[in-house]
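Hi,

Here is the structure I promised to pass on. Have a look at it first, and my notes follow below.

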Amino acid sequence: MRFDILTLFPGMFSSPFQESILGRAIQKELVDIRIINVRDFALDKHQVVDDTPYGGGQGMVMKVEPIARAIAWARSEEPSAWTIYLTPQGKPFDQEKARDLSSRPHLILLCGRYEGVDERVRELFINEEISIGDYVLTGGELAAMVMIDAVSRLLPGVLGSAQSAEDDSFTNALLEHPQYTRPFDFEGRRVPEILLSGNHAAISLWRRKEALKRTALRRPDLLAKARLTRKDEELLEEIRHDGDGI
Ligand code: 4GX
């Protein structure tokens, strides 16, 4: 899958994609990321990419022409490449959107700076506006990195066979159960005995109960949406009866 990132700050992308899982995915050519400097597409000799807003007001607006030329270049091999603008005004990004985008061969991500882009960029070139959350960043670059990370790990071969995107939180709509590793006893805090029992059925049940407990306590909105089995309902009843938390 190809990601083209259109930005005024290409240096921001030099290291995050070289590490760990994403770095390996790029080496294996499962993911191809091209960083495109919008300033390279400015036509004038000073390579101006922003200007003051018509009607007045503070700050600067990104000009339409350099962005139009950068998008045309990115689309040259694949005219239908899906083009996204990262903005707090977009649709909230979630796991379902990540899955949906992971089926596309080529995404173009436009990172806005300052007061955003000229409205005609959106009208003419943007297929979809996406927000990574209700807060304001200094630009769309970090939002693009978040999206690329969440989408890439869903591609076949990116995660090792030991890991799987399938049993994550959100795929089954519950938060994950707690995890432990050695030592068994850290300053008197011991690992729950059941995890050492070797009884896999009992461990699975304990983990499901902990996941339900966590979700009920921290994200009741997710619990309300989750498809629960009869057994889950029983476990929730036990949790209410145990009285630890809810
Ligand atoms: N999820 N930002 C976009 C420029 C801007 C300013 C005003 C439109 C109107 C963000 C987010 C985000 C900061 C990216 C402002 N665009 N992007 N940028 N939250 O905060 O995606």
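Where is Y114 found? Y114 is in the loop between β6 (106–111) and α4 (119–125). (Helices are DSSP runs of H or I with at least four residues, strands are runs of E with at least two, and both are numbered from the N terminus.)

Before the rest, some ground rules: this is a predicted model, where local features need pLDDT of at least 70, side-chain atom pairs count only at pLDDT 80 or more, and totals for chains, interfaces and linings use all residues. Residues are numbered from 1 along each chain as its sequence is written, and side-chain values use heavy atoms, with hydrogens and water left out.

Back to the backbone. Phi of Y114 is near 55 degrees, a positive value in a residue other than glycine. There is also a cis peptide bond between R182 and P183, with omega at about 10 degrees. P183 has its place in the loop between α5 (141–152) and β8 (185–186). For context, most residues other than glycine have a negative phi, and most peptide bonds are trans.

Now the ligand. It has 19 residues around it, and the closest are Y85, I132, G133, Y135 and L137 (a residue counts as near if one of its heavy atoms lies within 4 Å). That shell divides into ten nonpolar, eight polar and one charged (Ala, Val, Leu, Ile, Met, Phe, Trp, Tyr, Cys and Pro count as nonpolar, Asp, Glu, Lys and Arg as charged, and the others, Gly among them, as polar). β5 gives the most to the shell, with five residues.

A backbone N or O atom of I132 lies 2.9 Å from a nitrogen atom of the ligand. For L137, a backbone N or O atom is 2.9 Å from an oxygen atom of the ligand, and a polar backbone atom of T87 is 3.4 Å from a ligand oxygen. On its own the ligand exposes 470 Å², and the protein buries 92% of that (Shrake-Rupley areas with a 1.4 Å probe).

As for the overall picture, the protein has eight helices and nine strands. Its radius of gyration (over C-alpha atoms) is 23 Å, well over the 18 Å that the globule rule (2.2 Å times the number of residues to the power 0.38) gives for 246 residues, so the protein is more spread out than a compact globule. The C-alpha trace spans about 70 × 40 × 40 Å along its principal axes.

Cheers

How values were computed. Polar contact = N/O pair within 3.5 Å; in protein donor to acceptor, adjacent residues only side chain to side chain.
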